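Look at the structure first, then read on.

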Amino acid sequence: MQIKIINKSEHDLPHYETIASAGMDLRANILETITLKPLERSIVTTGLFIELPIGFEAQVRPRSGLAAKKGVTVLNAPGTIDADYRGEIGVILVNLSNEDFIIQNGERIAQLVIAKHERAEWDTVKVLSDTSRGGGGFGSTGVK
């Protein structure tokens with residue numbers, strides 16, 4: 001599948017690192033470094049603009065290495081880019097560590113996954129079918 005993209009950054013286009021990769025790294029496109037203090041958040045620009053076909057979304061997800069090693073993650077993970085959005089892709093990063101985190105221009109800050117999705121139509125009813133789980137919520141399916 002081909003997706004139209006405008007790259008206003010000085011960085012290469014996002015690409016798959018391996019044949020089995022689901023996500024492509026997004027890089028910061030910033031004029032000055034950004035210092036994220038503990039528990040601070042910032043929208044980091046990428047310089048990328050995309051045009052997705054209807055029926056697809058782009059999901060902005062955390063990079064596992066950045067989260068594990070630095071405590072920095074995508075705040076609204078996964079962030080959704082709808083097919084009708086034409087603005088610049090921005091990534092909301094949050095620093096959950098106890099140390100400042102410096103974001104440099106070109107740093108890999110998140111990953112982008114392109115996913116197909118369905119549109120639902122609601123069928124209003126009075127009763128739902130029974131299941132063994134029923135109304136059991138958080139943690140109700142675990143081993144006791």
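The largest pocket has a volume of about 260 Å³. A pocket is an open set of points on a 1 Å grid over the protein atoms alone, with protein on both sides within 12 Å along at least five of seven lines. A volume is the space filled by probe spheres set on the points, which are joined across faces, edges and corners. This is a predicted model: local features need pLDDT of at least 70, side-chain atom pairs count only at pLDDT 80 or more, and totals for chains, interfaces and linings use all residues. Residues are numbered from 1 along each chain as its sequence is written, and side-chain values use heavy atoms, leaving out hydrogens and water.

**Largest pocket**
- Its lining residues (an atom within 4 Å of a point) include M1, Y16, M24 and I50.
- Two or more lining residues come from each of β1 (4-7) and β11 (108-116); strands are DSSP runs of E, at least two residues, numbered from the N terminus.
- The lining holds 10 nonpolar residues, no polar ones and 1 charged. Ala, Val, Leu, Ile, Met, Phe, Trp, Tyr, Cys and Pro count as nonpolar, Asp, Glu, Lys and Arg as charged, and the others, Gly among them, as polar.

**Largest cavity**
- The whole structure has 1 cavity of 30 Å³ or more; in a cavity, a 1.4 Å probe fits but cannot get out.
- The largest cavity holds about 130 Å³ of space.
- Of its 14 lining residues, D12, L13, P14, D25 and R27 are the closest to the centre.
- Strand β2 (residues 24-27) gives the largest share of this lining, 3 residues.
- The cavity lining divides into 4 nonpolar, 5 polar and 5 charged residues.

Key. Helix = DSSP H or I, 4+ residues; strand = E, 2+ residues; numbered from the N terminus.
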